[in-house]
Amino acid sequence: MYPMIVEALWFILPAYVANSIPVNVSKIKFLKKYGKPIDGGRKWLGVRILGDGKTWRGLITGIIAGILIGIIQVIIQPSVKSYLPYLPRMTIPLAVMLSIGALVGDMVASFIKRRTGFKTGDPAPLLDQLDFVFGAFFFAWLWSCFIEGRWQGVFEDMIGYDRFFVIVIITPAIHLFGNFIAWIWKLKKQPW
Ligand code: CTP
Ligand code: MG
């Protein structure tokens with residue numbers, strides 16, 4: 001079980017990093033001027049499209065950080081693989097897709113939250129914790145379908161259904177724990 005958890009986390013790591021960076025850079029002073037909302041403050045049918053919680057600063061720093069961690073993973077992969085022979089292979093295109101997908105997934109969830117009456121920062125259980133995971137998998141799947149021509153490629157070549165389920169099961173707990181720490185550090189207004 002333990003190697004499987006590490007293997008699953010190895011695969012999803014760029015998405016975790018992409019998703020956790022935005023809140024961590026939100027208090028950095030020289031980035032303040034990039035903190036404009038992605039929706040430009042616009043409303044659709046009287047309600048904000050995404051809200052103030054989705055900024056260009058978060059989107060760009062998150063994607064860059066996710067790709068950087070992916071590059072590090074590609075570099076150290078051969079030595080990690082000697083301990084974990086079934087380690088899923090990280091590649092730079094995969095890290096790019098997982099990072100972009102994580103933040104697009106988070107934006108889609110914000111859009112859904114605004115449409116259904118949730119205010120920015122209101123908790124939407126499971127949606128808040130898994131939006132980025134499904135976004136990341138969807139983008140990885142797009143890559144395997146359209147670039148590699150294998151619609152089942154993400155699960156059969158990259159990670160496996162069992163590890164996918166491990167990620168879906170353990171992510172909500174890890175996400176809640178991470179947000180709690182961010183709240184203690186006063187990076188987040190809400191502890192969830
Ligand atoms: N964040 C950001 N840009 C993004 C994503 C997140 O700046 N693209 C920052 C914001 O400061 C946001 C925080 O990270 O408040 C936490 O993100 P999240 O919990 O996903 O957003 P919420 O504030 O809960 O907003 P929403 O209700 O729209 O999900
Ligand atoms: Mg979110």
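User: Taking contact to mean heavy atoms within 4.5 Å, with which residues is threonine 61 in contact, leaving aside its neighbours within four places in sequence?

Analyst: This is a predicted model, in which local features need pLDDT of at least 70 and side-chain atom pairs count only at pLDDT 80 or more, while totals for chains, interfaces and linings use all residues. Residues are numbered from 1 along each chain as its sequence is written, chains are lettered from A and ligands numbered from 1 in the order in which they are written, and side-chain values use heavy atoms, with hydrogens and water left out. Threonine 61 sits in helix H2; helices (H or I, at least four residues) and strands (E, at least two) are DSSP runs, numbered from the N terminus. Leaving aside neighbours within four places in sequence, threonine 61 is in contact with Ile21, Val25 and Leu31.

User: At roughly what angle do the axes of H1 and H2 cross?

Analyst: Let's begin with who meets whom: on the H1 side the contact includes Trp10, Leu13, Ile21 and Val25, and on the H2 side Thr61, Ala65, Ile69 and Gln73 are among the partners. Axes here are lines fitted to C-alpha atoms, for helices over the stretch in contact, and angles run from 0 to 180 degrees between N-to-C directions. On that basis the axes of H1 and H2 come within 7 Å and cross at roughly 145 degrees.

User: How many nonpolar, polar and charged residues does the contact of H1 with H2 have?

Analyst: Ala, Val, Leu, Ile, Met, Phe, Trp, Tyr, Cys and Pro count as nonpolar, Asp, Glu, Lys and Arg as charged, and the others, Gly among them, as polar. Gly58, Gly62, Gly66 and Gly70 of H2 are all in this contact. By class, the contact of H1 with H2 has twelve nonpolar, seven polar and one charged.

User: Is glutamine 73 buried or exposed?

Analyst: Glutamine 73 has its place in helix H2, and beyond its neighbours within four places in sequence its contacts are Trp10, Leu13, Pro14 and Met90. Buried means under 20% relative accessible area, exposed over 50%, and partly exposed in between (1.4 Å probe, protein chains only). With a relative accessible area of 2%, glutamine 73 is therefore buried.

User: Why is H1 called oblique to H6, and at what angle do H1 and H6 pack?

Analyst: Several residues meet here, including Ala8, Phe11 and Ile12 in H1 and Val166, Ile167 and Ile170 in H6. Angles under 35 degrees count as roughly parallel, over 145 as roughly antiparallel, 65 to 115 as roughly perpendicular and the rest as oblique. The axes of H1 and H6 are 9 Å apart, with a packing angle of about 55 degrees. So H1 is oblique to H6, at about 55 degrees.

User: Which residues does isoleucine 167 contact, leaving aside its neighbours within four places in sequence?

Analyst: Ile167 is one of the core members that touch the most others, and in H6 it takes part in the meeting with H1. Leaving aside neighbours within four places in sequence, isoleucine 167 is in contact with Ala8, Phe11, Ile12, Val133, Phe137 and Ile159.

User: What is phi of leucine 45 near, in degrees?

Analyst: Most residues other than glycine have a negative phi. Leucine 45 is found in the loop between strand E1 (43-44) and strand E2 (47-48), and it is exposed, at a relative accessible area of 70%. Its phi is positive, near 50 degrees.

User: By how many Å are the C-alpha atoms of glycine 105 and phenylalanine 134 separated?

Analyst: Glycine 105 has its place in helix H3 and is buried, with a relative accessible area of 12%. Not counting residues up to four places away in sequence, glycine 105 touches Asp131 and Gly135. Glycine 105 and phenylalanine 134 are 29 residues apart along the chain, and their C-alpha atoms are separated by 6.6 Å.

Notes: Core = buried A, V, L, I, M, F, W, Y, C linked by side-chain atoms within 4.5 Å. Contact = heavy atoms within 4.5 Å.
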